[in-house]
Amino acid sequence: MKRFLLSISLFALMGCGSTPPEEVSRNSIDLISAVTMRSFPNQSHDSSIYKSNIDIAEEFLDLSFALESGQKLPQFTKFSGPISITVNGSAPNYVIRDLDLLIARLRTEAGIDVSRVTEQTANINIETLPKKQLQKAIPTAACFVVPNVSSWSEYRRKRFKSSLDWTKLTERKQVTVFMPNDVSPQEARDCLHEEIAQSLGPVNDLYRLSDSVFNDDNYHITLTPYDMLILRAYYSPELQNGMRKEQVSSILPELLALLNPIGETLPPMRLAKTSKKWVKAIETALGPKTSSEKRRGAAFDAVKIAIENDYKDHRLGFAYFARGQVSLVKDPKTAASDFVRAYAIFKTLFGTTDIHTARASVQMASISMSTGRFDTALTLINDSLPVAEKSQNGTLLFKLLAMKAEVYEGLGRFADAKTIRTEAISWARYGLASNSDISKHLEMVALLRPRVSTKGF
């Protein structure tokens with residue numbers, strides 16, 4: 001299940017702005033309408049996962065034998081034979097395009113015999129509905145998957161019946177992915193990747209994973225090489241429906257040695273399992289329909305729990321990042337400090353070529369821009385642009401490019417600024433839901449640049 005997480009941008013609140021928002025809005029509306037949407041092709045990925053197979057085996061078991069709720073799954077399940085996927089008639093065209101790209105990756109990278117069909121029902125059905133209708137069913141979910149139903153009406157009828165219980169499954173025969181039809185192409189694609197992956201394989205998420213969509217922090221939004229390895233293992237003939245956890249555990253070492261030889265040579269990290277209290281604190285801090293005071297309190301708890309549990313990994317960085325997000329309005333100094341800490345943690349762990357660092361770089365660049373340090377902002381932005389493109393994150397590309405255009409304005413490079421801003425909008429049309437959203441974000445970026453450049457921080 002893909003969750004909604006609170007998303008606040010630092011640049012919404014920093015900087016006094018050199019260009020009045022009304023002027024930016026007037027100037028940008030015509031440009032936005034004239035720019036065509038860009039989208040992402042499939043990319044080639046390194047099939048080797050540079051992680052110990054000992055860690056991967058433990059993660060595979062935790063992903064495969066539990067639900068996000070904590071309920072245990074008594075046995076291993078997957079689809080048998082060729083797998084068909086169909087989409088209902090109301091899905092936007094971009095959903096079909098991105099689904100076909102995903103299917104091509106699943107066939108090539110995970111070795112799964114899966115194909116799209118035009119029949120009314122299939123092994124995996126995709127039904128698109130208005131976002132509000134989905135949220136009435138599960139308020140915290142952007143999209144979700146349900147076993148043993150083929151439509152929304154059937155799900156509504158059987159919602160509380162045991163046949164829809166993942167713990168009762170002995171084999172996967174039919175599931176339906178429910179996702180919104182009134183969101184941006186990127187949000188729809190993100191749902192496709194996570195929910196189809198969970199339809200095929202693990203139905204659990206683990207916050208300790210730094211390189212996977214099977215993680216509710218939403219840093220990775222398309223299936224990673226790690227995810228493809230997990231799915232390839234799932235559909236290896238060595239693993240069969242009905243196997244118990246102990247049986248799967250005994251098979252995994254030899255199987256992973258075959259699928260990921262490099263993992264045999266690497267030492268295990270053995271990251272601690274994530275505390276339920278930390279998960280609850282994070283989900284409260286970033287969840288919908290929660291007061292700002294409760295969010296802040298939960299975010300402070302998440303940082304405290306991470307420190308107490310000695311999380312010296314991405315979870316500590318994420319806790320600081322989350323606290324920064326929810327502190328922006330009432331305590332921008334704390335927010336800025338937390339973003340600096342998150343960036344430092346991510347950069348130490350992953351370098352500058354990782355999505356975690358890139359996401360934090362947006363906030364760091366915002367701080368630099370708002371204080372007139374354009375050269376620093378430009379370095380942060382340029383370091384992060386290749387990462388955003390590799391991660392296929394159109395929204396992140398838009399934010400980085402929009403800030404780069406504004407930096408060029410501040411440096412007097414007006415022609416370059418116009419070119420970069422046009423490129424930013426082309427990605428925004430993929431990553432954001434509407435022209436008004438794009439215009440609003442451009443106005444926020446314009447407010448970052450001070451009227452008079454300052455030095456220091």
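Author: Let's start with a term: buried means under 20% relative accessible area, exposed means over 50%, and partly exposed is in between, with a 1.4 Å probe and protein chains only. The model is predicted, so local features need pLDDT of at least 70 and side-chain atom pairs count only at pLDDT 80 or more, while totals for chains, interfaces and linings use all residues. Residues are numbered from 1 along each chain as its sequence is written, and side-chain values use heavy atoms, with hydrogens and water left out.

Reader: Okay, what makes Ser-210 count as buried?

Author: Its relative accessibility is 18%. The cut-off is under 20%, so Ser-210 counts as buried. You'll find Ser-210 in the loop between helix H6 (185–200) and helix H7 (225–234). Helices here are DSSP runs of H or I with at least four residues, strands are runs of E with at least two, and both are numbered from the N terminus.

Reader: Which residues does Ser-210 touch?

Author: Not counting residues up to four places away in sequence, Ser-210 touches His-220, His-314, Phe-350 and His-356. Contact means heavy atoms within 4.5 Å.

Reader: And is Val-248 buried or exposed?

Author: Buried, because its relative accessibility is 0%. Val-248 sits in helix H8 (residues 245–259). Leaving aside neighbours within four places in sequence, Val-248 is in contact with Phe-60, Leu-61, Phe-65, Phe-76, Leu-239 and Met-243.

Reader: How do you know what belongs to a nonpolar core?

Author: A nonpolar core is a set of buried Ala, Val, Leu, Ile, Met, Phe, Trp, Tyr and Cys residues joined through side-chain atoms within 4.5 Å. The largest one here has 69 residues, and Trp-278, Ile-282, Phe-398, Leu-400, Met-403 and Ile-438 touch the most other members. Helix H15 (residues 394–410) gives the most to this core, with 10 residues. There's also a second, separate core of 60 residues, which includes Val-95, Ala-110, Val-183 and Phe-214.

Reader: What does Ile-282 touch, apart from its neighbours within four places in sequence?

Author: Ile-282 is in contact with Tyr-207, Ala-302, Phe-318, Ala-319 and Ala-322.

Reader: Why are H11 and H12 called roughly antiparallel?

Author: Two packed helices are described by the angle between their axes and the distance between the axes. Axes are lines fitted to C-alpha atoms, for helices over the stretch in contact, and angles run from 0 to 180 degrees between N-to-C directions. Helix H11 (residues 314–327) and helix H12 (residues 332–350) have axes that come within 8 Å and cross at roughly 155°. Angles under 35 degrees count as roughly parallel, over 145 as roughly antiparallel, 65 to 115 as roughly perpendicular and the rest as oblique. So H11 and H12 are roughly antiparallel to each other. The residues of their contact divide into 12 nonpolar, six polar and three charged.

Reader: What makes H9 and H11 roughly parallel, then?

Author: The axes of helix H9 (residues 276–286) and H11 come within 10 Å and cross at roughly 30°. Under 35 degrees counts as roughly parallel, so that's the label for H9 and H11. Trp-278, Ile-282, Ala-285 and Leu-286 of H9 make the contact with Arg-315, Phe-318, Ala-319, Ala-322, Gln-325 and Val-326 of H11. Those residues divide into eight nonpolar, one polar and one charged.

Reader: What makes the phi of Asn-148 worth a mention?

Author: Most residues other than glycine have a negative phi. Asn-148 has a positive phi of about 65° although it is not a glycine. Asn-148 lies in the loop between strand S5 (141–147) and helix H5 (152–158). With a relative accessible area of 27%, Asn-148 is partly exposed.

Reader: And what is phi for Gln-392?

Author: Phi of Gln-392 is near 55°, a positive value in a residue other than glycine. Gln-392 lies in the loop between helix H14 (374–390) and H15. Its relative accessible area is 10%, so Gln-392 is buried.

Conventions:
Ala, Val, Leu, Ile, Met, Phe, Trp, Tyr, Cys and Pro count as nonpolar, Asp, Glu, Lys and Arg as charged, and the others, Gly among them, as polar.
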